[in-house]
Amino acid sequence: MTLDSPVRFSPELETVKSDENETVSDLIDQFDIILDKTAEDYGHAVRSVHAKAHGLLEGRLKVKAALPSDLAQGMFARPGDHKVYMRFSTNAGDILPDAVSLPRGLAIKVVDVEGTRLPGADGMTQDFIMVNGPVFQAPTPEKFLSSLKLLAKTTDKMEGTKVVVSSVLQTVNKGLEAVGMASPTVQSLGGAPNSDPLGETYFSVTPFRYGDYVAKFRMRPISPDLVKRTGNEIDASVRENAIRETVQAEMQQTFGEWEFQVQLCRDTKRQPFEDPTVEWKEEDAPFVTVATVTAGPQDGFSDENVQKIDEEMRFSIWTGLADHQPLGGINRARKATYQHSAEFRAKFNGCPFHEPQQ
């Protein structure tokens, strides 16, 4: 099969709606409900989404040599070896027992990345934010706002009920998966499989500039220590932090290696920009490996990394190079909202954020 040529990046590829600023303002209002409530309850500000971390790892990202020109773009334009920090999480804005089973998230911060920065992007780092599914749960910022309103209303309410509902939704999701109809919406409400984060494959789900082109990203486990955990479910029925405890124990003897992959856009109709609920099918736009990420045995939730990574770092898709500019309405909506959330957290906790140098 002959693939279409990669689509060249152009600002005209995006469709910016006239009322996007109003939607962003409404999103910030909903984030404030979550931030205020959780800060009041915990006496400490946490992230408005993906508040609960399950693993905090340090590793290395190595860019492959001799990549073809369409892949040798942005921070991947030349071979390199970079320090990385990784934060595994789940997506709620409050810190729930792990029996409430939610989609997994992975935030990656790559250090010492040279190049022209996005406006307001401090330091010399490149962040990638991913989840363990190929699509986003909302097609537009307006639908994202509707989902966030529900999340804000249920933040820190009926914790016991959430556990029961999650158990029911997990059963529903397994039934849907059995007939090839797994639902991101059901999973986001608590029906996700309670999977081991170390065995999951993670996707950017939204598009980004890739130098002269446009791409989505994926990180896929390849080392035996990780692959053997793919599909493993963790029993969280009696331990509130079962996932964290599992990751911490497993990483004591785990050598983790992942492929960092790029999926170039080749047809804007089959691979749309503004609707991240549409999966870019691999037969039309295959993923190709541009780097590997490794993490050796370590304490997967050390006190040192809780302070350094969980408290003192912020992860944002808008922290990085202009060559990896986030694209599409969902990504544009995440800029001011996530910045607002980070600033609230820094001010409330009296802990300014730091972009690491190494």
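Me: Is C351 buried or exposed?
Reply: This is a predicted model, in which local features need pLDDT of at least 70, side-chain atom pairs count only at pLDDT 80 or more, and totals for chains, interfaces and linings use all residues. Residues are numbered from 1 along each chain as its sequence is written, and side-chain values use heavy atoms, with hydrogens and water left out. Buried means under 20% relative accessible area, exposed over 50% and partly exposed in between, with a 1.4 Å probe and protein chains only. Because the relative accessible area of C351 is 15%, C351 counts as buried.

Me: How many disulfides are there?
Reply: A disulfide is taken here as a pair of cysteine sulfur atoms within 2.5 Å. Cysteine C265, for its part, is buried with a relative accessible area of 0%. By the distance rule, the count of disulfides is zero.

Me: Which residues lie closest to the centre of the largest cavity?
Reply: On a 1 Å grid over the protein atoms alone, a cavity is a set of points where a 1.4 Å probe fits but cannot get out, whereas a pocket is an open set with protein on both sides within 12 Å along at least five of seven lines, and lining residues have an atom within 4 Å of a point. Grid points are joined across faces, edges and corners, and a volume is the space filled by probe spheres set on the points. The count of cavities of 30 Å³ or more comes to one, and the largest cavity holds about 70 Å³ of space. Of the 14 residues that line the largest cavity, the closest to its centre are T90, P97, D98, V100 and L102.

Me: How many charged residues line the largest cavity?
Reply: Ala, Val, Leu, Ile, Met, Phe, Trp, Tyr, Cys and Pro count as nonpolar, Asp, Glu, Lys and Arg as charged, and the others, Gly among them, as polar. By these classes, the lining of the largest cavity has six nonpolar and four polar residues. Its charged residues number four.

Me: Which residues are closest to the centre of the second largest pocket?
Reply: The second largest pocket holds about 300 Å³ of space. Of the 16 residues that line this pocket, the closest to its centre are G120, D122, R314, T319 and Q339.

Me: Which exposed residues does α7 carry on the face turned away from its buried side?
Reply: In helix α7 (residues 303–311), N305, I309, D310 and E311 are buried. Their arc around the axis is only 160°, which puts them on the same side of α7. The face turned away from that buried side carries the exposed residues D303 and E304.

Me: What is the phi of V205?
Reply: Most residues other than glycine have a negative phi, and most peptide bonds are trans. V205 lies in the loop between β5 (202–203) and β6 (208–210), and at 4% relative accessibility V205 counts as buried. Although V205 is not a glycine, its phi is positive, at about 60°.

Notes: Helices (H or I, at least four residues) and strands (E, at least two) are DSSP runs, numbered from the N terminus. The arc is that of the directions from the helix axis to the C-beta atoms.
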